[in-house]
Amino acid sequence: MATMMDHERDGAQAPDEAMVRATGVRKSFGGTEVLKGIDLHVRPGEVSCLLGPSGSGKSTFLRCINHLETIDGGRLHVDGHLVGYRQRGDKLHELKASEVAARRREIGMVFQRFNLFPHLTALQNITHAPCLVRRVRKEQARAEAEVLLERVGLGGRGGAYPAQLSGGQQQRVAIARALAMKPRLMLFDEPTSALDPELVGEVLDVMKDLARDGMTMVVVTHEMGFAREVADSVWFMDDGIVVEHGEPAQVLGSPVHERTKAFLSKVL
Amino acid sequence: MTTTDSTQGDRALATRHDDIEVVPLRHWGRWAAAAVVALLAASLMASLARNPNLEWGTVGDYLFRDFVLRGVGVTIMLTVVAMLIGTVGGVVVAVMRLSANPVLRAVASLYVWFFRGTPLLVQIIFWGFLAALYQRIQLGIPFTDLHVIDVSTNAVVGPVVAAILALGLNEIAYAAEVVRGGILAVDRGQDDASLALGLTKSQAMRTITLPQAMRVIVPPMGNETITMLKSTALVAVIGGKDLLTAVQTVYSQNFKVMPLLVVAALWYLALVSVLSVGQYFLERRFGRGHGPGGSQPGLAQRWLAGRKGA
Ligand SMILES: Nc1ncnc2c1ncn2[C@@H]1O[C@H](COP(=O)(O)OP(=O)(O)OP(=O)(O)O)[C@@H](O)[C@H]1O
Ligand SMILES: [Mg+2]
């Protein structure tokens, strides 16, 4: 289980203005360490892209941010809170399930395989959590969902079931669904990797639009064009650590580290 | 391919267009088998029809008699109530078995292990003779003499209640396995998406996982219902007032054993046939994939998903 000695020592003092700040984050599955000390920070309004080869721990790190995975060591602050814990005096108390759920509401997540609810219409997918969790009135939630659908270019398609939509449309509904909770941070885990090439653009356009509106975003992606154009910072991960980070032009244009060079030569 | 072959092929094709009779392959073996079966069936029917011990007239006399209809009513009631208990309890036990809480998991596993590991007939007799174990049912503060409830066991757990308890508690164990299978069949990504939106685990289970599990759960539960209908006959050993008990009571007095068993069998057949038709439609309804333009969620799914949303 999580032994977080260093937390107990210097506590969870309110971090600087960062939306996400990871310091030495570690995570193991069974005996294998998947995250070996991740250091990373994302400022509010910033778009950060996570790059790296398959198995380097990008998804795992993203899932740690909204506590879908618990961490085994290090510190992870999100929006001023220590993920999974509350500080009282000089002690850290593990959060109750309901408190974890409450914090997740502030963080939206978009998955590689969309994970829309197949038994609900697009509109119901979007209104489900606001009505159930935030107790928004049904009519209001519907109205807001219509606006969101319009925003992702799917106005009028609210009655369709996920199976009746293309992959690109499904992913845009999934983005609208996450936005309906009015999150302060959005996580994207390879949102275009499961899409046919001709459908990638429509999803990236929605994400660019979101970035322009000032949403804080952490995006795991292999879309170098998107990273170069939209990202404020790029973090290159390999084998459970951040190998190199910086502005996109620098990391993608003139990488310093051998592993970054090797990876980029393969994907570019 | 040689030229001869192709010309022959052409000629064979040509004959199709001429008005020449085409003789399909005859399945002589099938015809022979069918004839034998028909002969055997006919002679069996004839022997049954002419067997004076069956007394078809008596069968007709008893088929719609009051005590038979009352027995049919109890059998239907037992089936419905036991399936209700089994389904609701089965969902609870299934969720417990999949819970992160090791105590709940252990209790649920123990329950399923015990009720599936002992014969239903033994369980029925056990409940029927509960009074031999506890003369009185008392509810109070443990290890004191204070009782809120204190009644004679036989007064509360009569044959019908014992039958309901036995069938219902047993069904919970089987339904739990069906429901568990259904829940496990739902993509794990659905859970991730629900939790990421801030739903609690129980909200995710109730509004996202279970409604989707219905597709997998409903068809086998139809089977369970048909099995349950026939299993109700077992409660005759404790005088459960069901259809079989009813005919047994009468034939033990007038010795018209065979005609009355035929009456019961005809009713069971009729009831099972009705359920099988229902089962067929349920499978068509729930067995469908989520193909494009495909299934809209059913009533139960919409009900489970709750009144929220649009
Ligand atoms: N739930 C789990 N149980 C055990 N091992 C896991 C689990 N999740 C991930 N892993 C392992 O952790 C390692 C990192 O996985 P992760 O999915 O984070 O990589 P990734 O960088 O997202 O890769 P990809 O580009 O293929 O998505 C992999 O070796 C994976 O097998
Ligand atoms: Mg991944």
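Colleague: What is the mean pLDDT of chain B?

Modeller: This is a predicted model, in which local features need pLDDT of at least 70 and side-chain atom pairs count only at pLDDT 80 or more, while totals for chains, interfaces and linings use all residues. Residues are numbered from 1 along each chain as its sequence is written, chains are lettered from A and ligands numbered from 1 in the order in which they are written, and side-chain values use heavy atoms, with hydrogens and water left out. The pLDDT is the predictor's confidence in each residue, from 0 to 100. In chain B, 86% of the residues reach 70 or more, and the mean pLDDT is 86.

Colleague: Which helix of chain B has the lowest confidence?

Modeller: Helices (H or I, at least four residues) and strands (E, at least two) are DSSP runs, numbered from the N terminus. Confidence in chain B is highest in helix α5 (residues 102–117), at a mean of 97. The lowest mean, 48, belongs to helix α1 (residues 3–17) of chain B.

Colleague: How many contacts beyond four places in sequence does the model have for residues 1–12 of chain B?

Modeller: Contact means heavy atoms within 4.5 Å. Over residues 1–12 of chain B the pLDDT stays under 50, and the number of contacts beyond four places in sequence is one. Residues 306–310 of chain B also have pLDDT below 50; beyond near neighbours in sequence, the contacts of this stretch number 13.

Colleague: Why do the buried residues of α3(B) line one face of the helix?

Modeller: Buried means under 20% relative accessible area, exposed over 50%, and partly exposed in between (1.4 Å probe, protein chains only). In α3 (residues 56–63) of chain B, the buried residues are T58(B), V59(B), Y62(B) and L63(B). They line one face because, seen down the axis of α3(B), they fall within an arc of 135 degrees, the arc being that of the directions from the helix axis to the C-beta atoms. These buried residues pack against α4 (66–97), α11 (243–254) and α12 (257–286) of chain B.

Colleague: How far apart in sequence are the parts tied together by E106(A) and R134(A)?

Modeller: A salt bridge is a side-chain nitrogen of Lys or Arg within 4 Å of a carboxyl oxygen of Asp or Glu, and the closest N and O atoms of E106(A) and R134(A) are 3.7 Å apart. E106(A) lies in the loop between α3 (97–104) and β8 (107–110) of chain A, and R134(A) in the loop between α4 (122–133) and α5 (138–151) of chain A, so the pair ties together parts separated by 28 residues.

Colleague: Is R172(A), the partner of E202(A) in a salt bridge, buried or exposed?

Modeller: The N to O distance between R172(A) and E202(A) is 2.9 Å. The pair links helix α6 (residues 167–179) of chain A, which holds R172(A), with helix α7 (residues 197–212) of chain A, which holds E202(A), 30 residues apart. E202(A) is partly exposed at 24% relative accessibility. At 10% relative accessible area, R172(A) is buried.

Colleague: Which residue forms a salt bridge with R113(A)?

Modeller: In contact across the interface are 32 residues of chain A and 31 residues of chain B. Two salt bridges are found across this interface. For R113(A), with the closest N and O atoms 3.3 Å apart, the partner is D187(B).

Colleague: What area is buried between chain A and chain B?

Modeller: Buried area is the accessible area (1.4 Å probe) that two parts lose on being put together, summed over both. Carbon and sulfur atoms give 62% of the area buried between chain A and chain B, which is about 2,700 Å².

Colleague: Which residue makes a polar contact with the side chain of Q123(B)?

Modeller: Q123(B) lies in helix α6 (residues 120–128) of chain B and is buried, with a relative accessible area of 5%. Not counting residues up to four places away in sequence, Q123(B) touches F114(B), F115(B), T118(B), A166(B) and N170(B). A polar contact is a pair of N or O atoms within 3.5 Å; within protein, one must be able to donate a hydrogen and the other to accept it, and residues adjacent in sequence count only if both atoms are side-chain atoms. At 2.7 Å, the side-chain partner of Q123(B) is T118(B).
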